[in-house]
Amino acid sequence: MARVRLAGPVRVARWADAALGPGSDGATADGKATLSDATAERAAADLGLSAAQVRADWDTARLAGLVEVHGDSARPGWRLRAWDRDDSAVLRGWVALFDAWSLAHPEPEGLEPAAVAEVVSAMPQVLSFLQLSAGPVPVEQLLDLLQQRVTELRTERCEVSYEPGTERSAGSPSPADPGPAADAPLAPLLDWALHALASVGALTYGDGQATLTPLGSWAVWVKLEQICVAAQSPAGNIEQSAEDMLRGCAQLRPNAARAEYRAWLAARPVGGAVTQLIDAARGEDALLRGLAFEALRVVGAPAEPDVRAVLDEPALRPYALLWIAEHDGVDPEDAHEALTREEATWLWVDTAAAVADHGEAPMLVRHLESAVQPTVPQLLDEVRAVGHPRTVQVLVALAAAHPDPALAKAVRRAAFQVHTGR
């Protein structure tokens, strides 16, 4: 259903990608990431559509993330690239359109803006009621529910209670006089909202009743599930920054940490969350680097463009290569084959740094077994050559932790040689 609903926007987005090229100025000549008149006419001729339909599909493509706006230009989004091979990209694209229903079908002129904002805020509860009803609901019943929710919103905003005898600043609204929004009839606003939701395929509306489509019912269920997941943050880090959240997950078992990542991600837009996680990975704490990419595994496909974008950063490249290999279906136990010997050695040192900073001595000793080199002398030679900034600290910590005096001496010698540059 999502593919059918977005077939037209996909067609126009692919035409723009092929005919104009990513980020082409010709696609956004007016500086607003909308098609210029000449480009719209050209697309209409090529696709056998009207120019108005081309513009409408282009706007829908933007709302669905098939086209991404960057400043005054637009380029194909990751969802368009993944459209044919990734069903989750299709569903995420439609959910993005569903979330933007009030933009996809703007309100008619003459409606009070404050009342429109109230109705947009109240519609999730109306949609939840439709989802629970699992069938047609009379518009009169939805209007009653909308009125109740709008009244609740107005009551919640009235934070100052005016008791008899207290002064109130001139011109400030009283609870009995909340402004022009209170005078706006809700029936036309509900009619607009239901038509808008029908236009994106979330429901059917006619004969005085509304019914969620299977796609709309699924989307509302997903939203409710996200709210429940966010409310069940096991470690209470949901409001924290990415770095603080990752630190809070450091002592959790893997399953509990993944639950925390899911709760944290459910509470914020995916794009911003991915950016925060990658910024945390760029820090000096190697433990957070590993945890950040574990959280990005929970994100899945939407993180792929950002993960690929850091392949040129030496500190993140091994983590990104492992993430991409696993995302492409490689067994996690075999994903290390995506790394060169040098990259694997760099990752070994980085992981050892995390163990040295946050783990115990026996863990650091056991970490020796994970090295790709068959002997300790060979490992030390390649560790010295890889140039990790934490090499000296890692070798010193390993020498102090290892119970074999001869091996500890060799490791200390290697640390001294790296430190002195010999």
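What follows is a quick tour, from the whole chain down to single residues.

Keep in mind that this is a predicted model. The protein chain has 422 residues, and 43% of them are buried. Its secondary structure comes to 22 helices and five strands.

**The chain as a whole**

- Take the contacts between residues at least 6 apart in sequence: 64% of these join residues at least 24 apart.

- Look for an open sheet of three strands, in the order E3-E5-E4, with antiparallel pairing.
- Which strands stand at the edges? They are E3 (137-138) and E4 (203-206), and each has a single partner strand, so one side of each has no neighbour in the sheet.
- As background, strands of a sheet pair through backbone hydrogen bonds, and they can do this in a parallel or an antiparallel way.
- How many bridges join E4 to E5? There are four, and the two strands run antiparallel, with E5 covering residues 209-212.
- You can pick out partners across this pair: glycine 206 has glutamine 209 in E5 as its bridge partner, while threonine 204 stands opposite threonine 211 in E5.
- E4 and E5 form a hairpin with two residues between the strands, and aspartate 207 takes a positive phi near 55° there.
- Helix H8 (residues 113-133) packs on this sheet and touches E3, E4 and E5. The direction of H8 makes about 75° with that of E5.
- Helix H10 (residues 186-199) lies across E4 and E5, and runs at about 135° to E4.

**Two helices side by side**

- For helix H21 (residues 391-401) and helix H22 (residues 405-420), the angle is about 160° and the axes are 8 Å apart.
- Angles over 145 degrees count as roughly antiparallel, so H21 is roughly antiparallel to H22.
- The crossing of H21 and H22 is left-handed.
- On the H21 side, the residues that meet H22 are Thr391, Val392, Leu395, Val396, Leu398 and Ala399. Their counterparts in H22 are Ala408, Val411, Arg412, Ala414, Ala415, Val418 and His419.
- Sorted by class, the contact of H21 with H22 has ten nonpolar, two polar and one charged residues.

- Alanine 96 sits in helix H6 (residues 87-99).
- Is alanine 96 buried or exposed? Its relative accessibility is 18%, and the cut-off for buried is under 20%, so alanine 96 counts as buried.
- Leaving out residues up to four places away in sequence, alanine 96 touches Leu63, Ala64 and Arg79.
- Threonine 60 is 36 residues from alanine 96 along the chain, and their C-alpha atoms are separated by 10.0 Å.
- Where is aspartate 285? You'll find aspartate 285 in the loop between helix H14 (270-281) and helix H15 (286-299).
- Aspartate 285 counts as buried too, because its relative accessibility is 13%.
- With residues up to four places away in sequence not counted, aspartate 285 touches Arg247 and His358.
- Glutamate 243 is 42 residues from aspartate 285 in sequence, and the C-alpha to C-alpha distance between them is 9.9 Å.

Note on methods:
Residues numbered from 1 in each chain as written. Predicted model: local features only at pLDDT ≥ 70, side-chain atom pairs only at ≥ 80, totals over all residues. Heavy atoms only, no water. Axes fitted to C-alpha atoms, helices over the stretch in contact; angles between N-to-C directions. Parallel < 35°, antiparallel > 145°, perpendicular 65-115°, else oblique. Left-handed = near helix turned anticlockwise from the far one by under 90°. Contact = heavy atoms within 4.5 Å. Nonpolar A, V, L, I, M, F, W, Y, C, P; charged D, E, K, R; others polar. Buried < 20%, exposed > 50% of the residue type's maximum accessible area, 1.4 Å probe, protein only. Pairing = 2+ DSSP bridges.
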